Amino acid sequence: MIINALFQYYERLLEDQDSGVSKPGYSKAKVSYAIVLSQTGKLVNLVDLRVEKGKKLVPRDMDVPQQVKRTSGVSANFMCDNCTYILGLKQKGKKDKSERLKEAFDAFVNLHQKILEGINDAGAVAVLNFLRSWDVANAINHPKIVEALDDLLEGGNLVFRLEGTEGYIHERPAIMAAWNAFCGGQDSEVTGQCLVTGHKSPIARLHPSIKGVTGAQSSGASLVSFNLEAFTSYGKSQSYNAPVSEHVAFGYTTAINYLLNSEKHRIRIGDTTTVFWAERSTNGVEEDLLGALFFPAEGMNKNNEDAEQKQIIRDPQTVQLLHDIFARIRAGTPVSAGLTGVDRNVNFYILGLAPNASRLSVRFWHVDHYGNFLDKIGQHYIDMAIIKSFANDPEFISISMILKETAPLRDAKRIPPLLGGVLMRSVLTGMPYPQVLYNAILSRIRADQEVNYARAAIIKAFLVRKQRYYNRGNEVKFTMSLDPQNTNTAYRLGRLFALLEKAQEDANPGLNATIKDRYFGAASATPGFVFPILIRLAQHHLAKAEYGRAMDKRIEEVIGEIDTFPSHFNLEEQGLFVLGYYHQRQALFTKNERKEG
Amino acid sequence: MGYGIRLLVWGDYACFTRPEMKVERVSYDVMTPSAARGILEAIHWKPAIRWVVDRIHVLNEIRFDNIRRNEVGDKIPAGNVKKAIKGEIVELCQYAADDRQQRATLLLRDVAYVIEAHFELTGKAGPGDKPEKHYNIVLRRARQGQCFHQPYLGCREFPARFRLIEDDEPFPHSQYQGKEKDLGWMLLDIDFADQMTPRFFRALMKDGTIEIPRMEEGGISK
């Protein structure tokens, strides 16, 4: 499933020249010079491979046969190494003695003899001849070396090229085959059926680590690891508990590291680092668009904490698509129909990872057609739509903003840990939103008596979706703004509370603590106890306020449909109460504005 | 071919852990054949018989959910147990509080499957072990809901409920009727005869039905 999809993605990345991922047995190295050899193995030239960066010349990144991890000992690399190993030259600033230089050069020669002996290839012959005839003692006097001596001694890597041919010797098919055979010979001693490919192949004992998941150790964490005794079974040790062949282990970790490294493919939702990729992509537009949908551009401007997100420069095509999609959401038309520039039918993968000790855990994993994802996200934004509280409120509320509303003081660190995952799941599958989200929002409202745009939107979205799912065909409509026809008692009482608050404000402008601060929580949970008090209080306010009569009439209208004050409200009714309050409040606000204007 | 039975199993939670993600557990999409075997063995098993799962039918939509649980990081070493058997005094307990490991699980919600299976007699069958006898024991026990231990859906924490589907009963409807899904390589079972080597098979779900290869054929792709 996950590893399989990642491995397929790796195979696709390999075919893509621009992706820059390495093949198995190969890795990236910084290369400064190419040694050009004649057919007979004479050094004919040195070609500077460095590239200009700013004002300096820097070595270029190149795929070379995988390099060893070097410590103080002597160990040579294949086909690409520094001047000490290839030419026996002392590097600048190093105190190597001549014996050590000789030893390093000999190690290099031995390695190449071992791998290239008997290979019938012009490149192999040239390299071996070169190494056998190279005179370490007089290396420093070679005319070609003298020319570039200073730069050579910097310690950059060198590679070989055969005179009169394209490319480098380590890229010649025969050499690659020899290298692969050499690597293959050192494979794990355990073979078995690989659980990704199904083939019998050498099994990896340890998997390469995965870097770039927020909150995980900087040296990297593992998706597949058996780091404690309790995780093993059937007497197997380490990753033999889960037979994955070595090249799959290399491939999937390379792919996921590539994704985690790419801003296009990665977003952060709560404590979960999310990567996504398409089975095949139109220049990455699909990925870019999805990232943009989770973090709508409008929301980013004001949110300084999302600085990381702001830095992403989206390409104009994505921005255009995003505007198209948002326009459709506003118009209520199907989101993904007729969308040009993206492939609706491509399989799309979304993987959410969160660290847990030195391991990574999978928070969510979704596979679907891209178009379906777009529709689901569109539906989410439709459900969330509600009248704005301030003109500069974002039109579309990003997922991270929703999560922040659930935490005390909007502290991203205090978001309930599993919430991001379940919320994403309901957004992407179209299922009801998690009850925990709703509960968290209601308790936040009760704790700090704040009913803002985002909170009202979440409550509305939760109720709308729950109705759609459980009361299909028998839904109560929830509107974007004040719905005077809605006769639900909780909704009406919410409205009434807003009016009573307004009456108080009119009577005593600039109060420190209004009835909202004192009674909101109690009124939304146990209206039967609170409202009689509030209404009695309101009589004084109405008498005192300038336009008390007008307000009195409006209160009358709202109360008209209420038979009793119920002794308590359940959670759903509390949500309706909040919604009614928010709607009424916004309605008061807009009307006032119009009057003044 | 022995006598076949059809068993409907269902439960609120299930976790058929993928071996590659068994530490931070992630479930397979559907029940594995070895999990199905475990359920059957909970109802009736004797050394004389061996269960062979033929088909697994997936009835409900595949839905995932997350949980986090406190578990432990160590096992009680087998060596200590051996010492204790020999009469030496060793500590044989595990203090969970000192050895906490919080582990996350991506598990399945609201699952229902039909297991089609039959049993075969093994070499340990004595003269009294007739297939008819065991078949009737299984039928009786499954009808009455009897089991040796509570059958479970992948993990002991997720109990399975079960019911025998009689021959004349209509087959339950699957959400995946008319659909095809490739579930990738899935654990077939552990080959206990061969150093406990896991064997995998390519799981293809067609109309909600997964054909299970036999252990002897299953596994290695061509």
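Two strands are said to pair if DSSP finds at least two bridges between them, and strands themselves are DSSP runs (E, at least two residues), just as helices are DSSP runs (H or I, at least four residues), both numbered from the N terminus. The views below come from a predicted model, in which local features need pLDDT of at least 70 and side-chain atom pairs count only at pLDDT 80 or more, while totals for chains, interfaces and linings use all residues. Residues are numbered from 1 along each chain as its sequence is written, chains are lettered from A and ligands numbered from 1 in the order in which they are written, and side-chain values use heavy atoms, with hydrogens and water left out.

**View 1. An open sheet of 4 strands in chain A, with the order β10-β11-β12-β13 and antiparallel pairing.** Strands β10 and β13 (359-369) of chain A stand at the edges with a single partner strand each, so one side of each is left without a neighbour in the sheet. From one strand to the next the twist averages 25 degrees, where angles run from 0 to 180 degrees between N-to-C directions and axes are lines fitted to C-alpha atoms, for helices over the stretch in contact. Helix α7 (residues 246-261) of chain A packs on this sheet and touches β10, β11 and β12 of chain A, its direction making about 105 degrees with that of β11(A). Helix α8 (residues 285-294) of chain A also packs on the sheet, touching β10, β11 and β12 of chain A, and its direction makes about 145 degrees with that of β11(A).

**View 2. Strand β11 (residues 272-278) of chain A and its partners.** With β10 (residues 266-269) of chain A, strand β11(A) pairs in the antiparallel sense over 4 bridges, and Arg266(A) stands opposite Val275(A). The hairpin of β10(A) and β11(A) has 2 residues between the strands, and in this hairpin Gly270(A) takes a positive phi near 60 degrees. Strand β12 (residues 347-356) of chain A runs antiparallel to β11(A) and is joined to it by 6 bridges; here Trp277(A) stands opposite Tyr349(A), and Ala278(A) has Phe348(A) as its bridge partner. In a regular strand the side chains alternate between the two faces of the sheet. Both faces of β11(A) are covered, with Thr272(A), Thr274(A), Phe276(A) and Ala278(A) buried on one side and Thr273(A), Val275(A) and Trp277(A) buried on the other, where buried means under 20% relative accessible area (1.4 Å probe, protein chains only). Since 7 of the 7 residues are buried, β11(A) is largely enclosed by the rest of the structure.

**View 3. Helix α11 (residues 316-331) of chain A against helix α12 (residues 370-384) of chain A.** The axes of α11(A) and α12(A) come within 10 Å and cross at roughly 50 degrees. Ile325(A), Phe326(A) and Ile329(A) of α11(A) meet Leu374(A), Gly378(A), Tyr381(A) and Ile382(A) of α12(A), contact meaning heavy atoms within 4.5 Å.

**View 4. Helix α12(A) against helix α14 (residues 419-429) of chain A.** The two helices pack at an angle of about 110 degrees, with their axes 7 Å apart. On the α12(A) side the contact is made by Phe373(A), Lys376(A), Ile377(A) and His380(A), and on the α14(A) side by Val427(A), Leu428(A) and Thr429(A).

**View 5. Asp383(A), a residue of helix α12 of chain A.** Asp383(A) is buried, with a relative accessible area of 2%. Leaving aside neighbours within four places in sequence, Asp383(A) is in contact with several residues, among them Tyr433(A), Lys460(A), Arg465(A) and Arg468(A).

Definitions and conventions
Buried < 20%, exposed > 50% of the residue type's maximum accessible area, 1.4 Å probe, protein only.
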